Amino acid sequence: MKLPRIYVALDYHNRIQADAMVSQLDPQRVGLKVGKELFTTEGPDWVAEQVERGFSVFLDLKFHDIPNTVAKAVAAAARLNVDIINVHASGGLKMMQAAKQALADVEKPPLLIAVTVLTSMDETDLQGIGIDRSVEQQVLKLAQLAEQAGLDGVVCSAQEAEMLHQRFGNEFKLVTPGIRPADAQRDDQKRTLTPSEAVDRGVDYMVIGRPITQSDNPHQTVLQLLAELDND
Ligand SMILES: O=c1ccn([C@@H]2O[C@H](COP(=O)(O)O)[C@@H](O)[C@H]2O)c(=O)[nH]1
């Protein structure tokens with residue numbers, strides 16, 4: 001199945017808020033990205049409802065723990081029939097290999113991807129956690145580990161997309177948050193690009209939250225964003 005190019009980040013507290021947004025979205029045009037806040041409040045049943053309604057779901061729980069624990073969490077996530085799940089690449093090779101192995105017997109496994117460097121971080125933030133590499137070097141290092149572990153791709157900034165596709169090829173999927181239309185606020189995102197810049201750099205799937213969810217007309221904003229991608 002071909003996955004949608006845009007996943008709308010549903011950073012909401014509960015199903016009342018999330019349902020109000022989802023009712024304005026078309027499953028033929030966009031997917032839903034469900035993160036920690038909404039999942040913690042509403043749990044797997046709400047996710048399953050969205051899958052039943054025909055939405056492609058990216059379950060963005062960014063697992064990061066010892067290999068055994070992550071493997072079990074990944075297996076549980078795969079049972080929800082979502083299309084994309086993720087782990088933190090900084091959990092290391094063995095953790096990612098265990099995550100991959102957990103999907104070995106799943107009939108239709110989701111894409112399993114690894115978060116490299118959060119798009120809210122720049123080089124100064126990396127230094128703050130004791131990493132004295134450039135952002136690009138750190139993204140490349142973690143993407144190498146993800147590829148070695150057999151994962152399907154990574155979460156990165158669109159700024160690193162060209163470099164990663166050149167290094168790992170187009171089958172290695174790149175999922176990019178930090179997408180901001182030219183006139184939008186950056187909020188807490190530091191490594192941003194516009195949708196058309198992201199397409200130019202070969203991004204596979206974009207995660208877009210506030211520019212859609214805080215707009216006056218989310219449906220119209222989605223149509224404009226898709227038109228920008230098609231015109232590029
Ligand atoms: O590196 C990362 C990984 C995940 N995210 C998530 O994407 C969305 C972005 O939302 P915006 O409102 O478009 O900023 C959000 O749910 C994050 O948890 C990320 O931003 N960066």
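Here are some friendly notes on the model above, taken point by point.

1. **Ground rules.** This is a predicted model, in which local features need pLDDT of at least 70 and side-chain atom pairs count only at pLDDT 80 or more, while totals for chains, interfaces and linings use all residues. Residue numbers start from 1 along each chain as its sequence is written.

2. **Helix α3.** Val 70, Ala 71, Val 74, Ala 77 and Ala 78 are buried in α3. They cover an arc of only 125° around the axis, which puts them on the same side of α3. That arc is taken over the directions from the helix axis to the C-beta atoms. For burial, a residue is buried if 20 or more other C-beta atoms lie within 10 Å of its own, exposed if 12 or fewer, and partly exposed in between, with C-beta atoms placed from the backbone. The cover over the buried residues of α3 includes β3 (57-63), β4 (84-88), α4 (93-101) and β5 (111-115).

3. **Met 95, in α4.** You will find Met 95 in helix α4, where it counts as buried with 25 C-beta neighbours inside 10 Å. Leaving aside neighbours within four places in sequence, Met 95 is in contact with Pro 67, Val 70 and Val 87; contact means that the C-beta atoms, placed from the backbone, lie within 7 Å. Val 70 is also among the buried residues of α3.

4. **The largest nonpolar core.** This core has 67 residues, and those touching the most other members are Val 8, Val 74, Met 96, Ala 99, Ala 114, Ala 146 and Val 154. A nonpolar core is a set of buried Ala, Val, Leu, Ile, Met, Phe, Trp, Tyr and Cys residues joined through C-beta atoms within 7 Å. Helix α6 (residues 135-148) gives the most to this core, with 6 residues. Beyond its neighbours within four places in sequence, Met 96 has contacts that include Val 87, Ala 114, Leu 145 and Ala 146.

5. **Helix α10.** Helix α10 (residues 218-231) has 14 residues and reaches 20 Å from its first C-alpha to its last, close to the 20 Å expected at 1.5 Å a residue. Its buried residues are Pro 218, Thr 221, Val 222 and Leu 225. They cover an arc of only 100° around the axis, which puts them on the same side of α10. Gln 220, Ala 227, Asp 230 and Asn 231 are exposed on the other side of α10. The buried residues pack against β1 (6-10), α1 (15-22), α8 (195-200), β8 (205-208) and α9 (210-213). Leu 229, also in α10, is partly exposed, with 16 C-beta neighbours inside 10 Å. Setting aside neighbours within four places in sequence, Leu 229 is in contact with Arg 5, Pro 195 and Val 199.

6. **The ligand shell.** The ligand is surrounded by 15 residues, the closest being Ala 9, Leu 118, Pro 177, Gly 209 and Arg 210; a residue is near the ligand if its C-beta atom, placed from the backbone, lies within 6 Å of it. The shell divides into 7 nonpolar, 5 polar and 3 charged residues. Here Ala, Val, Leu, Ile, Met, Phe, Trp, Tyr, Cys and Pro count as nonpolar, Asp, Glu, Lys and Arg as charged, and the others, Gly among them, as polar.

7. **Loop residues to look at.** Asn 81 is not a glycine, yet has a positive phi of about 60°; it is found in the loop between α3 and β4. Asp 187, likewise not a glycine, has a positive phi of about 55° and lies in the loop between β7 (173-176) and α8. Gly 202 is found in the loop between α8 and β8, and is in contact with Ala 161, Glu 162 and His 165 once its neighbours within four places in sequence are left aside.

Key. Helix = DSSP H or I, 4+ residues; strand = E, 2+ residues; numbered from the N terminus. Expected span 1.5 Å × (residues − 1). Contact = placed C-beta atoms within 7 Å.
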